[in-house]
Amino acid sequence: MKRSIWILLMVMALGLSAKSHPDKNFHIYLCLGQSNMEGNAPIEECDRLGISPRQLMMSAVDCPELGREKGKWYTAVPPLARCNTGLTPADYFGREMVKAMPEDVKIGVINVAVGGCKIELFDPAQCYDYMKNQPDWMKNFASGYENNPYKRMVEMARKAQADGGVIKGILLHQGESNTGDKEWPVKVKDLYERLLADLELKAEDMPLVAGEMLSAEEGGQCASMIDIVRTLPEVIPTAKVVSSAGCKGAPDGLHFTAEGYREIGRRYAQAMLNN
């Protein structure tokens, strides 16, 4: 019994040590949103090649078919959200960040996203009631996070902090399902401030980068939401908005092609690097 208590105390001490002595060269980025952050385009062979061992992802779900366990780090070979999701902006965000950073810096992403969801799904006070009236396919996506993606993100982010990682920013691509909702920026602000409080982060150190919806020029069905997304810096001073202009769109008018995801992912990185 005494030995068991001693082992438990040692494990706790190691966890506290990692959090109190973070690795300033392990940069973590939290990625949230709906299907365009989840990743909708098919993953191509080039997307699996040339990935640096310094580019990492924490699996937010168990994926035995991929040899991944929830809460553990892996080289960031797509998919980066759940087990069967597609290419996401986070893929080429990570590549660009690794390229720009010194060789002793690791980049880690945690991607928690649910296709088709409104921003309300990321409010733990509303998520369960919100999910009750959603289609079965969305319920299936959300079930991977026990219908509370915000809680799962906080759980994973705290694990990353315990591993010594330093959270450096938040990436958001959400809004298609809130098209026309002028309260969306305030709802994002609530989400942002909740993350800051729950993860003990400071706003001045925590840029939020949001991407625009697929543009009208690319047939974007939700392009009218872009004007609302662009107001985000008015309510979150540390927010930046990434343009989707010229990012290729899929025929459905909602999602980017693989080429489009690569380009907008690079733009997320440039916005973060220029912070």
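Start by selecting helix 5 (residues 136-143), which gives the largest share of the lining of the second largest pocket, three residues. Helices here are DSSP runs of H or I, at least four residues, and strands are E runs of at least two, numbered from the N terminus. Before going on: this is a predicted model, where local features need pLDDT of at least 70, side-chain atom pairs count only at pLDDT 80 or more, and totals for chains, interfaces and linings use all residues. Residues are numbered from 1 along each chain as its sequence is written, and side-chain values use heavy atoms, with hydrogens and water left out.

Keep Gly144 on screen and pick Arg152, whose side chain reaches the backbone oxygen of Gly144 at 3.0 Å. Arg152 sits in helix 6 (residues 149-162). Buried or exposed, this Arg152? It counts as buried because its relative accessibility is 4% (buried is under 20%, exposed over 50%, partly exposed in between, with a 1.4 Å probe and protein chains only).

Last stop: Thr257, in the loop between strand 7 (239-242) and helix 10 (258-273). Thr257 is partly exposed, at 24% relative accessibility. From its C-alpha to that of Lys70 is 28 Å.

Conventions
Polar contact = N/O pair within 3.5 Å; in protein donor to acceptor, adjacent residues only side chain to side chain.
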